[in-house]
Amino acid sequence: MNIPPIGFIGTGNMGSALARAVRRALPEAELFCSNRGPEKAQALAQELGGRAVSGEEAAWQCGLLFLGVKPNGIPGLLESLARPLTQREDPPLLVSMAAGVGLDQLEDLALRCPVVRIMPNTPVSIGQGVTLYTCGQRAKKEDRELVLAALAQSGSLVEIPESQMEAAGVVAGCGPAFVDLFLEALADGGVFCGLPRALALTLAAEMTAGAARLALESGKHPGALKDAVCSPGGSTIRGVRELERAGLRGGVIEAVLASAGER
């Protein structure tokens, strides 16, 4: 596959995480970094062996452009890039990670450019993320393959219908924050019982990673995996009782609904 120069417009936390994943997947690719605050772009470009440029120069130079700006910044960004996006003979493939900005709107704003919409989560920075993606009408098979090659070292890549993007984005994208709250609380409990903070956090994180992997690899329902740990009258079922009393499951469901704008 011919890998074109790849640009990142918006090098905040998520844009930088994706750029690092792309560098792992394509170590020889030519990378361009652009950000409203040029210091961030310069630091990332230096880290990854790329070039810090303006957004317009990235749009002129790159065949693949990751757009990492806030959702309300997408219209203004694409308007500012209108000249290269309309005048290039080979318009770049645009990959947007802006939550809530649908394919129809993106394709209207992107003029002639093919578009792929993605929703990554923060663990892509260590190659353990989940990135949801859906392709626009102008995106061809080779465009999809290029995006998959660029993100091959980011973690799981899941193609879904756009109608499911918002709900799936909450579970996969907001989910790490919910899990982090659980990890912190679990470690706090360990500290209360006498564990050093660092050890409590390590145990909580390793346990969560292992439990998640067991659920994926065993294919068993989480309820069955929970039952396997709960001995009659034992300590685990006592803890489960307290979590039920506190409304853990209902609280998590309500958090998903709130993040999805359903309540």
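User: How many salt bridges does a search of the whole structure find?

Analyst: This is a predicted model, with residues numbered from 1 along each chain as its sequence is written; local features need pLDDT of at least 70, side-chain atom pairs count only at pLDDT 80 or more, and totals for chains, interfaces and linings use all residues. Side-chain values use heavy atoms, leaving out hydrogens and water. A salt bridge is a side-chain nitrogen of Lys or Arg within 4 Å of a carboxyl oxygen of Asp or Glu. The number of salt bridges found in the whole structure is 12.

User: How far apart in sequence are the parts that Glu 166 and Arg 117 tie together?

Analyst: The two side chains meet in a salt bridge, 2.5 Å from N to O. Glu 166 lies in helix H8 and Arg 117 in strand S6 (residues 115-119), so the pair ties together parts whose separation in sequence is 49 residues. Helices (H or I, at least four residues) and strands (E, at least two) are DSSP runs, numbered from the N terminus. The separation, again, is 49 residues.

User: Is Arg 117 buried or exposed?

Analyst: Buried means under 20% relative accessible area, exposed over 50%, and partly exposed in between (1.4 Å probe, protein chains only). Arg 117 has 1%, so Arg 117 is buried.

User: Which residues are linked with Arg 117 in a network of salt bridges?

Analyst: The pair of Glu 166 and Arg 117 is already a salt bridge. The network links Arg 117 with Glu 162 and Glu 166.

User: How far apart are the closest N and O atoms of Lys 226 and Asp 227?

Analyst: Lys 226 is partly exposed, at 38%. Asp 227 is partly exposed as well, at 48%. They form a salt bridge, and the closest N and O atoms are separated by 2.9 Å.

User: Which strands stand at the edges of the sheet?

Analyst: The open sheet has 8 strands in the order S3-S2-S1-S4-S5-S6-S7-S8, with mixed pairing. An edge strand has a single partner strand, so one side is left without a neighbour in the sheet. Two strands pair if DSSP finds at least two bridges between them. The edge strands are S3 (51-52) and S8 (155-159).

User: How many bridges join S6 to S7?

Analyst: S7 (residues 129-135) pairs with S8 in the parallel sense over 5 bridges, and Thr 131 stands opposite Leu 157 in S8. S6 and S7 run antiparallel, with Val 116 opposite Cys 135 in S7. The number of bridges joining S6 to S7 is 4.

User: How many of the 7 residues of S7 are buried?

Analyst: S7 is largely enclosed by the rest of the structure. That is so because the buried residues of S7 number 5 of the 7.

User: What relative accessible area does Ser 96 have?

Analyst: Ser 96 is found in strand S5 (residues 93-96). Contact means heavy atoms within 4.5 Å. Leaving aside neighbours within four places in sequence, Ser 96 is in contact with residues including Leu 67, Val 116 and Arg 117. Ser 96 counts as buried, because its relative accessible area is 1%.

User: Which residues form a nonpolar patch on the surface?

Analyst: Patches are made of residues with over 30% relative accessible area and no salt bridge: like charges are joined within 9 Å, nonpolar side chains (Val, Leu, Ile, Met, Phe, Trp, Tyr) within 5 Å. Leu 186, in helix H8 (residues 165-192), is partly exposed at 37%. Accessible areas come from the Shrake-Rupley method with a 1.4 Å probe, and for residues only the protein chains shown count as cover. With about 240 Å² of accessible area together, the patch residues are Phe 182, Leu 186 and Met 207.

User: What share of the residues of the protein chain counts as buried?

Analyst: The protein chain holds 12 helices and 8 strands. Its C-alpha trace spans about 70 × 35 × 30 Å along its principal axes. Of its 263 residues, the buried share is 37%.
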